Amino acid sequence: MFKKITNGCVNLVQRFLPDAFVFCIILTIVVFIAAMPVTGMGPIAVAAAWGDGVWNLLLFSMQMALVLVLGSALASAPPVKRLIVRLAGVPKKPAGSVAFVTVISAVCCFVNWGFGLIVGALLAKEVAKKVKGLDYRLIIAAAYSGFIVWHAGISGSIPLGMTTLTDGVVANTGGTLTEIVGTSETIFAPWNLLMVLFVIIVITIVNFFMHPNEKDVVAIDPKLLQEEPEEKMEKGKTPAEKIERSLILTYIVVVLGAVYIIHYFWLAATTGDGILNALTLNIVNLIFLVLGMALHKTPIGYVKAITNAAESAGGIILQFPFYAGIQGMMTTAGANGVSLAGAISNAFVSISTPRTFPVFCYISAGIVNFFVPSGGGQWSVQGPIMMPAGQALGVSPGVTAMGIAWGDAWTNMLQPFWALPALGIAGLGARDIMGYCVVVLVAAGIVTALCFLFLVPAFTW
């Protein structure tokens with residue numbers, strides 16, 4: 001029965017979910033139409049909101065492209081390849097392989113979401129080379145499904161943002177935050193850690209049982225996953241070629257980067273921020289860059305690795321400006337002072353009680369995330385609405401903030417935006433994995449909602 005439901009979801013998505021870019025265009029049109037009656041803005045004003053927002057994610061777009069490119073280049077280094085190959089040799093059977101990749105991906109995403117996205121996809125691809133009878137689409141979906149816990153983890157932008165009391169944080173909480181909210185009340189709160197554990201267990205079991213019967217498996221020829229054999233670097237003949245192959249030049253940069261990284265984490269450890277809280281997307285990318293150069297050894301060797309990896313970043317470069325435009329339309333308020341994202345949030349606040357507020361906070365955040373797939377952008381939209389409402393109902397700020405954070409991560413399972421790095425590495429399209437992700441979305445959504453309804457009050461009331 002379960003596999004029939006899964007196959008139905010997969011077949012439905014395969015038939016009706018268009019390419020990720022086409023899906024992005026459809027979302028743009030839907031939000032454009034919906035924003036006008038809700039905000040009272042005319043088509044020109046909504047178009048202006050779209051145009052003003054298009055380039056608001058340029059920094060983030062570059063960061064995400066580098067997550068993919070630098071991570072892939074690092075993984076193509078011989079020592080890292082050997083490590084991933086060794087790890088990929090642990091599972092022996094198809095369903096067990098899916099469960100194994102799910103757990104590894106989820107744990108890595110809890111530590112740092114950018115790191116987890118890359119590690120999960122690379123491991124899944126390597127496992128697919130080794131295990132016969134493995135459904136390639138499902139193993140990549142399993143790698144991506146671990147991403148569902150990222151915002152409850154150590155790199156979660158909302159909980160980490162509340163550890164300092166800046167003007168921006170106060171504004172994002174509607175002026176309700178008068179003192180910092182430490183990670184002991186959010187990320188490392190017992191109820192949140194239990195929720196993470198429960199969700200990982202559930203999605204691992206779900207992915208395990210989703211593996212299709214042998215006759216329905218969509219496998220991939222392992223030969224198609226083999227990379228080109230590494231070229232042996234010959235000694236340079238001309239002065240230019242000798243410089244290109246110089247280990248000295250590479251390791252000057254490596255030492256410079258290593259000194260900075262060590263100093264960065266030393267400051268984090270001694271100033272009270274903590275090493276784990278210091279893991280930002282920028283520092284992860286810098287670590288990938290320095291390690292990649294060190295392991296590829298020569299400047300020209302690293303150039304070739306980056307060039308090969310950059311081919312898969314096209315989807316990110318093309319689609320991120322469109323999602324930034326959607327975010328602009330969602331967050332711009334009309335003359336009535338209402339934005340489309342704000343209207344969605346207020347609708348859930350109006351029907352909430354102290355017991356149900358965290359659940360409705362979670363659900364509303366999931367809906368908004370579908371159109372504003374950015375943790376920081378979502379916080380700036382929903383924080384000023386949800387935080388004062390939670391305070392009025394007697395809900396702790398940590399619970400309200402994590403309700404938004406969990407909702408932001410939840411519907412990523414149905415949002416191709418965040419799957420682009422994994423899909424780029426795997427060489428698949430969104431429709432290939434989203435059918436499986438729908439099942440994960442439903443299962444994880446039920447577990448998380450029940451936790452907010454029963455588990456969280458047991459610890460906080």
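**Contacts, burial and overall form of a predicted chain**

Colleague: Leaving aside its neighbours within four places in sequence, with which residues is Asn285 in contact?

Modeller: This is a predicted model, in which local features need pLDDT of at least 70, side-chain atom pairs count only at pLDDT 80 or more, and totals for chains, interfaces and linings use all residues. Residues are numbered from 1 along each chain as its sequence is written, and side-chain values use heavy atoms, with hydrogens and water left out. Contact means heavy atoms within 4.5 Å. Once the neighbours within four places in sequence are set aside, the contacts of Asn285 are Gln63, Leu66, Val67 and Leu70.

Colleague: Is Asn285 buried or exposed?

Modeller: Asn285 belongs to helix α14 (residues 281-296); helices (H or I, at least four residues) and strands (E, at least two) are DSSP runs numbered from the N terminus. Buried means under 20% relative accessible area, exposed over 50%, and partly exposed in between (1.4 Å probe, protein chains only). At a relative accessible area of 6%, Asn285 is therefore buried.

Colleague: Which helices do the buried residues of α3 pack against?

Modeller: In α3 (residues 43-53), the buried residues are Val46, Ala49 and Gly53. They cover an arc of only 55° around the axis, which means that they lie on the same side of α3; the arc is that of the directions from the helix axis to the C-beta atoms. Ile44 and Asp52, on the other side of α3, are exposed. The buried residues pack against α2 (20-39) and α16 (314-331).

Colleague: How far apart in space are Ile104 and Asn207, C-alpha to C-alpha?

Modeller: Ile104 is part of helix α6 (residues 94-111) and is partly exposed, with a relative accessible area of 22%. In sequence, Ile104 and Asn207 are separated by 103 residues. In space, their C-alpha atoms are separated by 13 Å.
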